[in-house]
Amino acid sequence: MSELKNVLTIGRYLKNKFGEKVYKVPVSISGFTCPNIDGTVARGGCSFCENDSFSPNLQEKKTKFKLNPRINNNPYLENQLKQLELQFLATKKRLENKFGAKKFIVYFQSFTNTYAPFDTLKALYEKALSFDNVLGLSIGTRTDCVTDEILDFLVEKSKNKEIWVEYGIQSFFDETLVKINRGDNVSNMKYWIQRTKEKGLNVCGHLIYGLPDENQEMMLETFRQTIDLKVDSIKFHPLYVVKNTLLTNEFKKGKFTPISEELYIDTVVKSIINLPSNISVQRITAGIDDDTLLSPNWCRDKHTQMKNIRLALQKEGFNY
């Protein structure tokens, strides 16, 4: 049997670059939200997003204060900086104990992590970069929430740190973006991805397979267009239904059927075997194993999903 070709995972990419394994440390800073939730571009968030609009009890537990780029001052900044430090140190310690981890990238994960006053972003990013053994940042955001000012600041940091901007693309079909209440459009997404690349920053694009009314041809077309933008990395997610979302209603009315495991795996495999060798893969699936998951049931067991995708890739001559 011929030797399997290694897929360039983000782990392999970082190890090649830094000579040792690098661990991403996810942080979730309270006060961050999204223009698609606070009414700036839409209300309720994307159809698959669980947020305060649907969970009043979530609102009670969390601070009512929400950031947006238009506020003049942020009275919660000190709290947010402390929160950042506590989260980072706790996860770092766990990774050190479990894996002997030595090098880290701080990943601003939840909500839209550029949707805040520039001074707040600057303070949080600089704080994250100041921690011991942090090689860089990965910032999850939307293409309608970046500015040249933010990108230029990140470019400056990228001179001696590993900086990534992670954009939620989901789909390059405007009709799908309308269906999922995305509040953004294809031309704007492409403009800012290209602009981010032109400035020399690393871009990771998030794609969701199984969006309403999309067939495999459409999913693979979004993938092809993402590749054409010369992104540096991709994350693949299946669309699953959790409680307290717009999608919950569609699913309960029988208007939305989640993607089957077979179709999802086939689409991910077809994508990866057509991936240029310089583009890394950061995620091949996602799932949730708690009582908030309504469907599909196969998204409960991420371990089995990973195994099934690996086996399907091996049949095509690839090692994930």
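Start with the lining of the largest cavity: by class, it has four nonpolar, two polar and one charged residues. (Ala, Val, Leu, Ile, Met, Phe, Trp, Tyr, Cys and Pro count as nonpolar, Asp, Glu, Lys and Arg as charged, and the others, Gly among them, as polar.) Select Ile10, Leu14, Lys24, Ile105, Ser138, Trp164 and Gln282 to show that lining. The space inside is about 30 Å³. The structure holds one cavity of 30 Å³ or more. On a 1 Å grid over the protein atoms alone, a cavity is a set of points where a 1.4 Å probe fits but cannot get out, and a pocket is an open set with protein on both sides within 12 Å along at least five of seven lines; lining residues have an atom within 4 Å of a point. Grid points are joined across faces, edges and corners, and a volume is the space filled by probe spheres set on the points.

Before moving on, note that this is a predicted model, where local features need pLDDT of at least 70, side-chain atom pairs count only at pLDDT 80 or more, and totals for chains, interfaces and linings use all residues. Residues are numbered from 1 along each chain as its sequence is written, and side-chain values use heavy atoms, with hydrogens and water left out.

Next stop: the second largest pocket. It holds about 940 Å³ of space. Its lining has 27 residues, and the closest to the centre are Ile10, Lys21, Lys24, Gln282 and Lys302. Which element gives the most to this lining? Helix α3 does, with five residues. Color α1 (10-18), β2 (22-27), α3 (77-99), β9 (280-283) and α11 too, as each supplies at least two lining residues. (Helices, H or I with at least four residues, and strands, E with at least two, are DSSP runs numbered from the N terminus.) By class, the pocket lining has 12 nonpolar, six polar and nine charged residues.

Now select helix α10 (residues 261-273) and helix α11 (residues 302-315). They pack at an angle of about 50°, with axes 10 Å apart. Therefore α10 is oblique to α11. (Axes are lines fitted to C-alpha atoms, for helices over the stretch in contact, and angles run from 0 to 180 degrees between N-to-C directions. Angles under 35 degrees count as roughly parallel, over 145 as roughly antiparallel, 65 to 115 as roughly perpendicular and the rest as oblique.) The crossing of α10 and α11 is right-handed. (A crossing is left-handed if the near helix is turned anticlockwise from the far one by less than a right angle, and right-handed if clockwise.) Show the side chains where they meet: α10 brings residues including Tyr264, Ile265 and Val268, and α11 brings residues including Asn308, Ile309 and Leu313. (Contact means heavy atoms within 4.5 Å.) This contact has nine nonpolar, two polar and one charged residues.

Gln216, Met219, Leu220 and Phe223 in α8 meet Leu263, Asp266, Thr267, Lys270 and Ser271 in α10. The residues here divide into four nonpolar, three polar and two charged.

Move to helix α4 (residues 118-130) and helix α5 (residues 148-157). Their angle is about 20°, and their axes lie 11 Å apart. So α4 is roughly parallel to α5.

Finish with two backbone details. Most residues other than glycine have a negative phi, and most peptide bonds are trans. Select asparagine 181: its phi is positive, near 60°. Asparagine 181 sits in the loop between α6 (174-179) and α7 (186-198). Then select serine 295 and proline 296, joined by a cis peptide bond with omega about -5°. Proline 296 is in the loop between β10 (293-295) and α11.
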